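This report describes selected local features of one protein chain. Please keep the sequence and the structure in view while reading.

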Amino acid sequence: MKNTSRRSFLKKSTAAGIGTMLASSLPSFVFSATKEKMPAILGGRAALDKVHLIKWPIWIPETDEKRVLEVLRSGVWSRANVVTEFENAWAKTLGVKRCLTVVNGTNALIVSLNQLNIRAGDEVLVTPYTFVATIQAILANNSIPVFVDVDPETFQIDPTKIEAKITPNTKAIMAVHILGLPADMDQIMAIAKKHNLLVIEDACQAPLAEVGHQKVGTIGNVGCFSFQNSKNIAIGEGGAIVSNDDAFIDRCYSYHNLGTPFGTAVGTINTGSFMQATKVRLSEYQAAIGLAQLERLEGQTVTRNINAAYLSSLIKKVPGITPYKLSNNVTRAAFHLFPFKYNTELFKGLSRASFIKSLQAEGLPVSGGYTPLNTQPFIKEAFASKNFKKMYSPNAIDYKAYMENNACPKNDVLCTEAVWFSQNLLLGTKTEMEIVAEAIERIHTNAESIKKSLDK
Ligand SMILES: Cc1ncc(COP(=O)(O)O)c(C=O)c1O
C-alpha cells in the first residue's frame, strides 16, 4: 500500500459519518481471508497484515503540527492559554461546566478524592476489574478501597452487590467505566443518593461514552479522564477532572498549583498559598496535541461503536465466545477495548493463552487483560506502612480480615476468561471486522489441531 492512500484513508476515517464509508469501500491494504482455511498459527495466511493495522496514536503532520509548533516556538511551555483552551473544549464536548487538566489520569483521581475530602478512615467502594491506578489513587489519600464484585456479563461493578458493602465509614462509590463500557450509572446514582455517598467516575477509558444520552464523567460529583498514549484521546500523558461544581474545581485548581488561590478562593488571603497541595499542571504543548486529537474523537467514537456492534454480532455465533453486554441505559460506549469471554471447553480444551497466541499469529492486537487487584501485594504494603499504622486502629487494617471481606470470586473467574482487542482494531473497516470473525471461527474449527501443535 502506498503511504499517500493510507494517509487519505486515515483522514477520511476520522471524519464524522464514517459509517457509510465503512460499508462502501475496502482500503487496498486489506485482503480477505475468506478463502483461507488454516489458522495462521498452523501455517495459514494471517488474517490481518500487522503492518496495516491502524497505528495508535494517529498523528497527521499536515493538520496536527501547526499548533504544537506555534507553542514550541513561543517559548510559553508552562500552563497558559492553550491549556485553558483545551480545558474549555473538553468541558464543552462533554456538556459539563468546568474542566481542570492535570498531568495524568492517576492524578486526576488523586486530586479529586483529596478535594472531596476523602482521607484516612474513609472507605471507597470500587470494582476489582480496573487498572491499578484507580486503587492506588484511593490509597494515596490514605483511604481504603472496598471491593465490590463484578457482573461478568458487563465487565463492570455489579450494582446489586454495592449496598451490602456499605459501612458507616463508606464515603464514596468509585464508578469505573472500565474498557470504555459504562457502569450502570442509574443504579449507582440511586444507591449513592439513598446512602448520601459521593460518586467519582473513573472515566479514564471512556471519553464520549454515554448513559441515557449523558456523557459519562458528568453524571457523578466528579469525572476523571486520562490522555495517556494508548487512550482514545492520546497526548502521551495527561488527565482531566470535570464537574459542574465551581467551588470544587476551584479547589482542585489550587491543589494542583501548590495551594495558590484560584476562582472563588481569590482574595481569601493576601499572599502565598492557602492550602496544603501539590503541583501537577499540564504543559502547553501537551494541550496543543490534545486539541488536535479532539478533532477526531467524535468520528472515531462513531466508528468504534458501529464496528463493535458488528463484530459482536458476528463472533457471538462462534460457540465459546460471549461478547460484552452493555449496562442498563447505555446509549453509547467508548470501546477503549473490545472485550469478550472465552470458554476453553467449547474450544476443545484449547487454553485461553493458546487462543490468544493464535489470534496474535493472525496479526490481531489482543490480550487477556487484567489480573485481580484485590489480592495484589501493594494493598498489604499500604496497610503495613507507618502512615496507615498511625492513622488506623489495628482492627481497621487487619489484612487477613480485609482479604476475607474483599474476596471477589466472579472477578477471579472473569480474569481467567476475558479476551480484549485494543481500540485501534475497531477503527478498521466493516470487512476487517468480518476478517477478524473469520479468524476466530478458523481457530474454533481447528482448535484440536492447534492444541496438539502448541502442546507438543
Ligand atoms: C481505568 C483507569 N483509571 C486510571 C488510569 C490512570 O490514568 P493515567 O495512566 O493517565 O495515569 C487509567 C489509565 O491507564 C485507567 O485505565
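Helices, which span at least four residues, and strands, which span at least two, are DSSP runs that are numbered from the N terminus. The model discussed here is predicted.

**Two leucines with positive phi**

Leu-258 lies in the loop between helix H8 (246-256) and H9. Its phi is near 60°, a positive value in a residue other than glycine. Leu-208, which is not a glycine either, has a positive phi of about 75°, and its place is in the loop between strand S7 (198-202) and strand S8 (210-211). Are these residues buried or exposed, or in between? Leu-208 counts as buried because its relative accessibility is 2%, and buried means under 20%. Leu-258 counts as partly exposed because its relative accessibility is 47%.

| Residue | Phi | Relative accessibility |
|---|---|---|
| Leu-208 | about 75° | 2% |
| Leu-258 | near 60° | 47% |

**Helix H4 and its surroundings**

Helix H4 comprises residues 81-94, 14 residues in number, and reaches 20 Å from its first C-alpha to its last, close to the 20 Å expected at 1.5 Å a residue. The buried residues in H4 are Val-82, Val-83, Phe-86, Glu-87, Trp-90, Ala-91 and Leu-94. An α-helix has 3.6 residues a turn, so residues three or four places apart point the same way. The cover over the buried residues of H4 includes helices H3 (61-74) and H9 (284-315), together with strands S1 (98-102), S9 (214-215), S10 (222-226) and S11 (239-243). Just after H4, Gly-95 takes a positive phi of about 75°.

**A cis peptide bond**

Trp-56 and Pro-57 are joined by a cis peptide bond, with omega about 0°. Pro-57 lies in the loop between helix H2 (18-24) and H3.

Note on methods: Residues are numbered from 1 along each chain as its sequence is written. This is a predicted model: local features need pLDDT of at least 70, side-chain atom pairs count only at pLDDT 80 or more; totals for chains, interfaces and linings use all residues. Side-chain values use heavy atoms; hydrogens and water are left out. The expected span of a helix is 1.5 Å times one less than its number of residues. Buried means under 20% relative accessible area, exposed over 50%, partly exposed in between (1.4 Å probe, protein chains only). Contact means heavy atoms within 4.5 Å.
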